[in-house]
Amino acid sequence: MFLLILRDLQYRRWIVGLTILLMAIVMTLLFIMSGLVNQFNTEPGLATQRAGGDRNWIVAQGTGGPFTSPRPIDAEMFTSVPGDDVLVTMGSLDGLRVSIVGRNYDRATEPVLTTGTYPLQPGDIVIDESAGYQVGDPVLFGRAPGRVVGLTSDATVLAGVPIVFVELGFHQDIALGGRNLILARLTDQIPERLPPELKLMTPDEVAEDTLLPLDGAIASVTLVQVLLWLITIIIIAAIIYISALERTRDFAVLKAVGGKNRDLGLSLLVQGVVMTLLAVAVAGVLQMFLAPSFPLKVRVASSAWFTIGAGAVAAALAAGLAGVMKVRATAPAEAFG
């Protein structure tokens with residue numbers, strides 16, 4: 001049986017190669033879509049981690065979350081709550097839309113730096129490396145000058161908006177005209193009592209709130225994934241069935257000399273699975289080269305290899321049943337027609 005498969009693949013190598021490439025292109029898009037959905041779901045948690053570590057956020061009542069509906073209030077309202085002050089606002093850096101996080105970094109372990117130092121002076125900034133800046137680059141917040149002193153990674157919100165980390169006083173100057181307002185207080189503790197105008201948000205709750213604006217985008221990409229799976233199944237089914245039609249006379253000859261339906265049908269299924277797995281491997285390589293060209297980060301999980309591979313094999317086996325039925329319907333007499 002395996003010799004039969006090998007000989008057929010060799011004989012039709014150009015058609016087989018083009019078929020594998022066609023399936024690989026569609027599966028590459030499946031990898032990309034899977035990576036985008038994974039990034040959308042992972043980004044809020046990483047952004048929350050970069051902004052406040054594992055600490056809880058004490059925010060004003062009526063505030064949905066620090067990255068979606070920030071509402072700075074007087075810092076005096078937080079006097080009964082231990083922790084570090086933090087201010088989060090949306091802003092512009094050299095015309096680039098950014099989310100600005102201002103706080104104290106004396107004992108900071110977040111954001112994790114890929115290079116440089118934390119912002120300790122007014123005008124110092126740390127920014128996500130996806131923004132394209134280098135340490136030492138001058139920047140402008142409107143008319144306020146600054147300088148990049150460090151870079152971090154995985155610090156974006158709302159599908160790719162970079163987070164900029166600055167010193168709290170500088171943030172209050174450029175965003176609030178120097179007023180002593182903050183968005184929240186970061187604390188390791190869970191206070192037994194909070195003033196009625198304040199509420200506690202855990203890091204998970206902040207991440208969930210940050211994910212809400214992306215629900216429509218995630219649903220759209222998921223729909224595209226479903227359509228791509230339908231296209232993949234149709235392609236695999238068509239290829240296996242056409243292969244069975246092309247080999248009708250071969251099957252008739254083999255059955256005339258004693259070949260069994262089970263062995264011939266199994267060879268067709270195995271051949272379809274082999275071609276499908278080769279297409280998955282090619283797609284996995286292609287997505288590695290294609291993903292960096294996307295404007296959004298594509299985070300392909302290792303589980304995507306199993307999911308896409310197993311799904312494609314299942315599709316090949318299901319589609320191959322039509323080919324098996326064709327093999328069973330082929331009469332040995334057709335070898336002499």
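This is a predicted model: local features need pLDDT of at least 70, side-chain atom pairs count only at pLDDT 80 or more; totals for chains, interfaces and linings use all residues.
**Strand S6 and a tyrosine pair**

In S8, Gly150 is the bridge partner of Val126. S6 and strand S8, which covers residues 144-152, pair in the parallel sense, and five bridges link the two. A further partner of S6 is strand S10, made up of residues 161-167; here the strands run antiparallel and are joined by three bridges.

Since five of the five residues of S6 are buried, the strand is largely enclosed by the rest of the structure.

Attention now turns to the aromatic rings. Four aromatic pairs are found in the structure. One of them is formed by Tyr105 and Tyr118, whose ring centres lie 6.1 Å apart; their planes meet at 15°, which is under 30 degrees, so the pair counts as stacked. Tyr105 sits in the loop between strand S4 (96-103) and strand S5 (113-116), while Tyr118 belongs to the loop between S5 and strand S6 (124-128), so the pair ties together parts that are 13 residues apart in sequence. Tyr105 and Tyr118 are both buried.

How values were computed
Residues are numbered from 1 along each chain as its sequence is written. Side-chain values use heavy atoms; hydrogens and water are left out. Rings of Phe, Tyr and Trp (its six-membered ring) pair if their centres lie within 6.5 Å; planes under 30 degrees apart count as stacked, over 60 as edge-to-face and the rest as tilted. Helices (H or I, at least four residues) and strands (E, at least two) are DSSP runs, numbered from the N terminus. Buried means under 20% relative accessible area, exposed over 50%, partly exposed in between (1.4 Å probe, protein chains only). Two strands pair if DSSP finds at least two bridges between them.
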